[in-house]
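Dear colleague,

I am handing over a structure to you with this email, and below it you will find some notes on what was found. Please keep the sequence and the model open while you read.

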Amino acid sequence: MQQLLQDVIVLAKETGEFIRQESRKFDHSKIEYKGKNDLVSYVDKEAEKRIVAGLSKILPGSGFIAEEGTSTKKSDTYNWIVDPLDGTTNFAHGIPVFAVSIALMKRNELTLGVVYEINRDECFHAVKGQGAFLNHFPITVSPIKTLDKSLLATGFPYYNFEQMSQYLVILDEFMKSTHGLRRMGSAAVDLAYTACGRFEGFFEYNLQPWDVAAGALIVKEAGGMVSDFNGGSDYIFGRQIIAGNEVQPAMQQLIQEHWF
């Protein structure tokens with residue numbers, strides 16, 4: 001697994017360098033829309049092609065769950081969960097917070113995760129049972145134990161606004177009871193920052209597996225806790241996630257009080 005991890009890190013960084021170069025000359029007129037406010041560009045598509053081709057060589061016969069649908073091949077054992085450019089809206093507007101996210105799932109269990117934040121050249125990575133790392137240095141979640149001293153991250157939905165009223169109540173509660181909320185625009189980065197202690201916790205709904213898979217494993221391997229809004233384990237495919245350090249149960253309790 002360590003050799004596999006190193007190969008994935010190299011691939012993530014090579015893809016990140018392609019994205020970095022494209023960001024310097026990106027043409028805003030080339031943005032496409034998969035849905036309302038759901039942006040995609042030729043950079044996302046080309047990055048995913050490179051990742052899928054590279055991972056197919058690294059682990060022949062593996063399947064894919066990939067955002068842009070470059071490959072829809074599934075495997076009974078190993079499947080990669082890939083977001084070639086998490087934070088496309090940031091990328092398109094020149095905001096330097098976006099990342100490559102690659103996770104490996106063995107049957108129903110996450111076994112490897114890499115989040116490469118391109119602009120800061122920070123590679124967060126983990127293998128199940130072997131700890132979490134930032135550029136090969138060990139990381140752990142924040143030692144802060146209470147919500148009132150916590151800084152949290154979240155995301156805002158860009159479609160399916162039916163539950164916004166409940167979500168706004170939750171945001172209001174957290175704004176009053178913490179050091180504040182941050183909205184980075186990339187769930188993969190939010191989770192990576194939670195894993196290394198920059199945030200005490202992160203929560204969001206309307207997410208896809210490729211947004212959270214790698215980051216969720218990294219948080220858990222950094223000593224954190226991850227659940228869905230009900231406290232269960234359906235946070236990869238269930239489209240909602242709460243991740244954090246020791247304040248995670250308190251976050252989950254507050255969210256559950258207002259979410260239905």
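Predicted model: local features only at pLDDT ≥ 70, side-chain atom pairs only at ≥ 80, totals over all residues.

A search of the whole structure finds 9 aromatic pairs. In another of them, phenylalanine 174 and phenylalanine 203 have ring centres 5.0 Å apart and planes at 40 degrees, so this pair counts as tilted. It too joins distant parts of the chain, with phenylalanine 174 in helix H4 and phenylalanine 203 in strand S12, 29 residues apart. Both phenylalanine 174 and phenylalanine 203 are buried. If you now look at the two pairs together, you will find their residues in one aromatic cluster, which is formed by Tyr167, Phe174, Phe203, Tyr205, Phe229 and Trp259.

Next comes the sheet. In which order do the strands of the open sheet of 5 strands follow each other? The order is S11-S10-S12-S14-S13, and the pairing is mixed. Strand S11 (180–182) and S13 are the edge strands, each of which pairs on one side only. On average, neighbouring strands of this sheet are turned by 20 degrees against each other, with direction ignored.

Strand S10, which covers residues 151–154, pairs with S11 in the parallel sense over 3 bridges, and leucine 152 stands opposite leucine 181 in S11. S12 and S14, in turn, pair in the antiparallel sense over 5 bridges, where glycine 201 stands opposite glycine 244 in S14. S13 and S14 are also antiparallel, with 3 bridges, and here serine 227 is opposite isoleucine 242 in S14.

Is S14 mostly covered or mostly open? It is mostly covered, as 5 of its 5 residues are buried. Both of its faces are covered, with Gln240, Ile242 and Gly244 buried on one side and Ile241 and Ala243 buried on the other.

Helix H4 (residues 164–177) lies across S10, S11 and strand S12 (201–205), and it runs at about 165 degrees to S12. In helix H7 (residues 248–258), the residues Gln248, Met251, Gln252, Leu254 and Ile255 are buried. Why are these residues on the same side of H7? They cover an arc of only 165 degrees around the axis, and therefore they share one side of the helix. The buried residues of H7 pack against S10, H4, S12, S13 and S14.

The loop between strand S13 (225–227) and strand S14 (240–244) also holds aspartate 234. Aspartate 234 has a relative accessible area of 41%, which means that it is partly exposed. When residues up to four places away in sequence are not counted, aspartate 234 touches Asp228 and Gln240. The C-alpha atom of aspartate 234 is separated by 23 Å from that of glycine 69, and the two residues are 165 residues apart along the chain.

Two backbone angles deserve a careful look. Most residues other than glycine have a negative phi. Aspartate 121, however, has a positive phi of about 55 degrees although it is not a glycine, and its place is in the loop between strand S6 (109–117) and strand S7 (122–127). With a relative accessible area of 41%, aspartate 121 is partly exposed. Asparagine 135 also has a positive phi, near 50 degrees, and this residue is found in the loop between strand S8 (132–134) and strand S9 (137–139). Asparagine 135 is partly exposed, at a relative accessible area of 28%.

Finally, there are two places where an arginine lies over a ring. Arginine 50 lies over the face of phenylalanine 18, at 4.1 Å from the ring centre, and arginine 198 lies over the face of tyrosine 193, at 4.6 Å from the ring centre.

With best wishes

How values were computed. Residues numbered from 1 in each chain as written. Heavy atoms only, no water. Helix = DSSP H or I, 4+ residues; strand = E, 2+ residues; numbered from the N terminus. Buried < 20%, exposed > 50% of the residue type's maximum accessible area, 1.4 Å probe, protein only. Contact = heavy atoms within 4.5 Å. Pairing = 2+ DSSP bridges. Axes fitted to C-alpha atoms, helices over the stretch in contact; angles between N-to-C directions. Arc of directions from axis to C-beta. Phe/Tyr/Trp six-rings, centres within 6.5 Å; stacked < 30°, edge-to-face > 60°. Lys NZ or Arg CZ within 6 Å of the ring centre and 35° of its normal.
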